[in-house]
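Visitor: I would like to go through this model and ask, for each label, what value stands behind the word.
Guide: Let us look at the structure and take the labels in turn.

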Amino acid sequence: MHYAHLFIDFDDTLYDTYGNAVIALRETFEHFGLGRWFTDPQVFYDAYWAANIDLWSHYSHGEITRDYLIVERFRRPLSSYDKAFDMATPPWEGLGEAFYLEMSDVFLGYCSNKPGVVDGAHELMDYLKGRGYRMHICSNGFHEIQYKKLAACGLRDYFDTIILSEDAGVNKPSPFYFDYALKVSGAKKESTLMIGDNLQTDVLGAMNAGLDAMLFNRWGVDLSQSAQAPTFAVESLRDIMKIL
């Protein structure tokens, strides 16, 4: 199959969102001096990731708003504070939404200036560009943050268009997102391949919209448990160069 257009997910497919966020979360923890109340920082970190994964899943399906996600992903881990460690009242109690929004702003500021990419990302993009593919970012990420991250990691110039869910009005895996992406990019379903690390939002979302899709199986998903197999599956970005 010859593809002319590639729809490529950004977060955790090319940009090491998880790795960069681990660093940014530690910086945020230190910025707010949370070590005065969390004797074990890992309690906070684990609670953050549990909340973030759950909230992004709901956000992707349009079940919650962006504003709710931003507040809740910090409210939940802070609520895991255990007063048995320290009887002093933590400073965020009673501050409400404004404090969580401040935390989010600080965290996203740290995140968006990180240059880290997934191993092989620049090599892959050079290869695909040389092969003449037209490439388009397809992301559920927040508008202002995605452009900052693209600039920080040096990947912006590889892409013909940046297609974000906030512009589409719906998130992946909605078929309406992919309809919007096809319209904006000028691509045709039969000559377009979606590449991403998330089986549900990237791969099955695209396939349900009539596109071929490649899973970058970064997280070791057991595909035998999936009702629908990806068109392609790879375990590293460099493996993509063996197919395209």
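Visitor: In which helix is Ala98 found?
Guide: In this predicted model, Ala98 belongs to helix 4, which covers residues 97-112. The C-alpha atoms of Ala98 and Val22 are 23 Å apart, and the two residues are separated by 76 residues along the chain.

Visitor: What makes Ala98 count as buried or exposed?
Guide: The relative accessibility of Ala98 is 53%, and the word exposed is used for values over 50%, so Ala98 counts as exposed.

Visitor: Why are helix 2 and helix 3 called roughly antiparallel?
Guide: Helix 2 (residues 41-60) and helix 3 (residues 66-79) pack at an angle of about 155°, and their axes are 8 Å apart. Angles over 145 degrees count as roughly antiparallel, and therefore the two helices, helix 2 and helix 3, are given that description. Their crossing is right-handed. Among the residues that make the contact are Phe44, Tyr48 and Trp56 of helix 2 and Leu69, Arg73 and Phe74 of helix 3. Sorted by class, the contact of helix 2 with helix 3 holds twelve nonpolar, one polar and five charged residues.

Visitor: Why are helix 1 and helix 2 called oblique to each other?
Guide: Helix 1 (residues 17-31) packs against helix 2 at an angle of about 130°, with the axes 11 Å apart. Roughly perpendicular ends at 115 degrees and roughly antiparallel applies only over 145, so helix 1 and helix 2 are oblique to each other. Helix 1 passes helix 2 in a crossing that is right-handed. The contact includes Val22, Leu25 and Phe29 of helix 1, together with Phe44, Tyr48 and Trp49 of helix 2. The contact of helix 1 with helix 2 divides into ten nonpolar residues, no polar residue and one charged residue.

Visitor: How do you know how many disulfides the rule gives?
Guide: The count comes to zero disulfides, under a rule that asks for two cysteine sulfur atoms within 2.5 Å. For Cys111, the closest cysteine sulfur is that of Cys153, at 13 Å, which is too far for a bond. For Cys138, the closest cysteine sulfur is again in Cys153, at 16 Å, and that too is too far for a bond.

Visitor: What makes Cys111 and Cys138 count as buried?
Guide: Buried applies under 20% relative accessible area. Cys111 has a relative accessibility of 10% and therefore counts as buried, and Cys138, with a relative accessible area of 0%, is buried as well.

Terms used. Residues are numbered from 1 along each chain as its sequence is written. This is a predicted model: local features need pLDDT of at least 70, side-chain atom pairs count only at pLDDT 80 or more; totals for chains, interfaces and linings use all residues. Side-chain values use heavy atoms; hydrogens and water are left out. Axes are lines fitted to C-alpha atoms, for helices over the stretch in contact, and angles run from 0 to 180 degrees between N-to-C directions. Helices (H or I, at least four residues) and strands (E, at least two) are DSSP runs, numbered from the N terminus. Angles under 35 degrees count as roughly parallel, over 145 as roughly antiparallel, 65 to 115 as roughly perpendicular and the rest as oblique. A crossing is left-handed if the near helix is turned anticlockwise from the far one by less than a right angle, and right-handed if clockwise. Contact means heavy atoms within 4.5 Å. Ala, Val, Leu, Ile, Met, Phe, Trp, Tyr, Cys and Pro count as nonpolar, Asp, Glu, Lys and Arg as charged, and the others, Gly among them, as polar. Buried means under 20% relative accessible area, exposed over 50%, partly exposed in between (1.4 Å probe, protein chains only).
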